[in-house]
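Work through the exercises below with the structure at hand. Try each task before reading its solution.

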Amino acid sequence: MTLPGRDGLVARLAGTCVLGLVLAMSAQGFAEARSGLSDRPPLPAMGPSLRKAVAFATTEQPGTIIIRKSEKALYLVTRQGQALRYQISVGRDGFGWTGVVKVGAKTEWPQWRPPREMRARQPELPELVPSGPYNPLGARALYLLRDGRDTLYRIHGTNDPSGVGFDGTSGCFRLTNTDVIDLFKRVPVGTKVVVQ
């Protein structure tokens, strides 16, 4: 076995030191990145699916959404006598409404601009909450239009799955993120929505 010369040994030691420095910097960068992530709140839960297939008598065509506020339920008619039932939250006292609207647009991970009237009631609300997992509209939103005009009401998800099944919204209809993603896939723009 031959030992390396002085120059070879110095080169190897220098290489080892550089490698150690790189690894130490990488470990420090990784620790800082983890620290930055730990400062953020945990990602919200998608929530359970509260959807089930049910017998449902209606004269509406398959593909129609029927919202029964008194039941806190959204029904998607799948065929004659059948529907998918989703548990929802509905408008609290003074924020309920009825009528026939259409799904005018659909958005994945929508941004939220609280309406001017809502911000007047709650001045602490921001002008805009950017899209993403911390947005109060959740994973998906279906925008409801009447006669081609935005009603400012939505069918949307939530980052608080325990907030489904109550009278608690400002007129929108809230599902778990898991269920709103399922509904979003099934419903095209132009879908008729009957709110009862």
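**Exercise 1. Find the elements that line the largest pocket, then describe the lining.**

Step 1. α2 (116-121), β8 (149-156) and β9 (167-169) each supply at least two residues of the lining. Helices (H or I, at least four residues) and strands (E, at least two) are DSSP runs, numbered from the N terminus. The model is predicted: local features need pLDDT of at least 70, side-chain atom pairs count only at pLDDT 80 or more, and totals for chains, interfaces and linings use all residues. Residues are numbered from 1 along each chain as its sequence is written, and side-chain values use heavy atoms, without hydrogens and water.

Step 2. β8 gives the most, with five residues.

Step 3. The lining has 27 residues; Trp-112, Pro-115, Met-118, Ser-170 and Cys-172 lie nearest the centre. A pocket is an open set of points on a 1 Å grid over the protein atoms alone, where a 1.4 Å probe fits, with protein on both sides within 12 Å along at least five of seven lines; lining residues have an atom within 4 Å of a point.

Step 4. The space in this pocket is about 650 Å³, a volume filled by probe spheres set on the points, which are joined across faces, edges and corners.

**Exercise 2. Which residues touch the most other members of the largest nonpolar core?**

Step 1. The core has 24 residues, and Ile-65, Ile-67, Ile-155, Phe-173 and Leu-183 touch the most other members. Such a core is a set of buried Ala, Val, Leu, Ile, Met, Phe, Trp, Tyr and Cys residues joined through side-chain atoms within 4.5 Å.

Step 2. The largest share, four residues, comes from α3.

**Exercise 3. Is Asp-179 buried or exposed?**

Step 1. Locate Asp-179: helix α3.

Step 2. Asp-179 has 0% relative accessibility, so it counts as buried. Buried means under 20% relative accessible area, exposed over 50%, partly exposed in between (1.4 Å probe, protein chains only).

Step 3. Beyond its neighbours within four places in sequence, Asp-179 contacts Pro-48, Ser-49, Leu-50, Arg-51 and Tyr-86. Contact means heavy atoms within 4.5 Å.
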